[in-house]
Amino acid sequence: MNTHQLAGVAARLKVNIEEKTFRSSNGGTIEVLRDLRFEVEQNEFACILGPSGCGKTTTLRILLGLDSDYKGSIQLPGLADARIGAVFQEPMLLPWRTVEQNVRLAMPKPMRDIDLDGLFSTLGLSKMRNFYPAELSLGLARRAAIARALAIEPDILLLDEPFVSLDESTAQQLRHMLLSVWSERPTTALMVTHNLQEAIMLADRIIVLSERPAHVIGTFDIRLPRNYRNDQVKADLLRSFNEKFAGLRNAT
Amino acid sequence: MVLLSFGALVVAWHLGATIWPSRAFPAPLLVLQTFISETASGDLPYNLGITLCRVAASFVLAMLIGSVIGVLLGSHRRADQFFNPWVILFLNIPALVIIVLAYIWFGLNEAAAIGAVALNKIPNVVVTMREGTRALDSRYAEMAKVYRFNALDRFRHILIPQLQPYIAAASRSGISLIWKIVLVVELLGRSNGVGFQINLFFQLFDVAAILAYTLAFVAVMLFIELVVVQPLEHTSTRWRRSAA
């Protein structure tokens with residue numbers, strides 16, 4: 001299955017950003033990230049949690065290679081040229097291509113003809129393969145974006161609040177779908193969120209960021225397998241999280 | 001509805017020509033007769049074909065060059081600031097001046113004729129495509145970068161679909177502008193084509209023949225619009241039609 005990834009060769013994600021600033025419109029500079037250091041182990045699902053506007057999306061953009069104007073270094077897992085599966089805040093599907101074309105276009109040339117029936121059916125998209133994105137609801141478009149990110153068999157999966165602006169039941173359904181496709185072929189994953197319940201349900205580890213300029217306040221490990229995390233356990237995890245990070249009010 | 005509308009126009013024309021009979025205002029039937037005799041002699045199809053070839057050549061040339069310049073200016077702010085006065089200058093040079101200068105500098109030949117027509121259209125294409133390039137959504141380009149689209153895929157699946165409405169607009173206005181200018185070019189410096197023939201008939205005061213040639217040409221352009229342009233637009237925008 002996992003053919004192109006060499007196990008053991010720098011399999012973890014290492015982030016070491018010393019400084020990231022933006023130039024504001026009035027000529028001043030805004031410091032967004034300062035000494036942001038964390039690692040994500042191979043095949044670990046980590047969540048970045050932090051107050052809104054603290055630089056979570058900026059961090060992700062740096063990891064995606066869309067912003068190289070920072071001081072520091074990052075190391076993606078896998079080979080030198082890591083394959084990144086990205087789920088953006090907006091689905092960012094090409095409106096002029098069908099769902100299936102969108103997924104296949106993102107795949108490297110030699111993989112383009114592989115069978116995607118399993119992936120589409122796990123995500124409940126089998127009947128929508130020939131639909132255009134404009135014909136999909138936001139929830140379905142998000143699923144298509146997740147399908148695209150996982151179809152390329154990524155070395156790392158980066159997700160930027162993939163479940164915002166959905167109603168809670170749809171979001172919950174999507175979280176389960178994401179978990180089931182991810183568990184079929186686990187990969188190092190990093191998800192940005194401001195939803196603590198979501199992080200407790202999905203993550204092996206929660207990385208908590210401070211206000212701007214963002215750095216890591218602490219991490220919260222959840223070693224319990226996901227299928228043991230029932231409502232009672234989640235409530236306990238939530239309580240111990242809040243005890244540990246009492247200051248972080250808006251992460252609820 | 002279209003047929004009914006054209007029918008009414010022909011009837012009005014016929015009535016007008018019957019009430020005020022004149023050599024300068026022939027009835028539709030006479031024009032039709034001229035059309036048939038000119039077609040039978042082979043003159044009309046030959047000259048029409050020549051003109052259409054010139055229209056096609058200048059159109060392709062203008063669209064290609066104009067699009068490339070437009071996309072470059074739209075994506076490079078500095079270059080745009082520098083070259084914008086040039087664009088405005090060329091936009092405002094009268095077609096006739098470009099044609100005359102082209103014939104003087106490059107001689108009365110085919111290349112000068114087609115080049116002059118294309119040059120008249122290029123600034124319009126540049127302006128439209130520059131607008132289109134400025135309106136590109138950079139998030140699609142970022143998505144393509146993350147997923148490592150190669151250059152060809154970026155061009156086919158990211159750039160062209162976003163520019164498609166602007167290409168369509170430039171083509172639409174382009175084809176009508178070009179065929180009007182082609183006639184002037186033919187009138188001034190070629191010895192065949194619809195424009196040359198119309199000049200000939202103008203000297204003979206043969207209004208029926210002028211109208212026969214004009215209508216034949218308009219009919220061809222209408223045919224191209226209905227059979228080529230509209231279906232093409234329909235297919236390339238089918239993803240737009242049904243929004244959830």
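Two residues are in contact if their C-beta atoms, placed from the backbone, lie within 7 Å. By that rule, B:Val87, B:Phe90 and B:Leu91 in α4(B) meet B:Pro123, B:Val126 and B:Val127 in α6(B). This contact has six nonpolar, no polar and no charged residues. Ala, Val, Leu, Ile, Met, Phe, Trp, Tyr, Cys and Pro count as nonpolar, Asp, Glu, Lys and Arg as charged, and the others, Gly among them, as polar.

The model is predicted: local features need pLDDT of at least 70, side-chain atom pairs count only at pLDDT 80 or more, and totals for chains, interfaces and linings use all residues. Residues are numbered from 1 along each chain as its sequence is written, and chains are lettered from A and ligands numbered from 1 in the order in which they are written.

Two packed helices are described by the angle between their axes and the distance between the axes. Axes are lines fitted to C-alpha atoms, for helices over the stretch in contact, with angles from 0 to 180 degrees between N-to-C directions. Helices (H or I, at least four residues) and strands (E, at least two) are DSSP runs, numbered from the N terminus.

| Helix pair | Residues | Angle | Axes |
|---|---|---|---|
| α4(B) and α6(B) | 77–92 and 110–134 | roughly 135 degrees | within 8 Å |
| α9(B) and α10(B) | 194–204 and 207–236 | about 160 degrees | 9 Å apart |

α9(B) is therefore roughly antiparallel to α10(B) (over 145 degrees). On the α9(B) side, the contact uses B:Val194, B:Gln197, B:Ile198, B:Phe201 and B:Phe202. α10(B) supplies B:Ala209, B:Ile210, B:Tyr213 and B:Phe217. These residues divide into eight nonpolar, one polar and no charged.

**Chain A**

Chain A has seven helices and nine strands. Its C-alpha trace spans about 45 × 45 × 40 Å along the principal axes. The radius of gyration, taken over C-alpha atoms, is 18 Å. That agrees with the value near 18 Å for a compact globule of 252 residues (2.2 Å times the number of residues to the power 0.38).

Of the 252 residues, 38% count as buried (20 or more other C-beta atoms within 10 Å of a residue's own). Helix α1(A), residues 56–63, is largely enclosed by the rest of the structure, because seven of its eight residues are buried. Among them are A:Leu60, A:Ile62 and A:Leu63, along with A:Lys56 and A:Arg61. Just after α1(A), A:Gly65 takes a positive phi of about 80 degrees.

**Between the chains**

18 residues of chain A are in contact with 14 residues of chain B. The chain A side has 14 nonpolar, two polar and two charged residues.

Terms used. Parallel < 35°, antiparallel > 145°, perpendicular 65-115°, else oblique. Buried ≥ 20, exposed ≤ 12 C-beta atoms within 10 Å, placed from the backbone.
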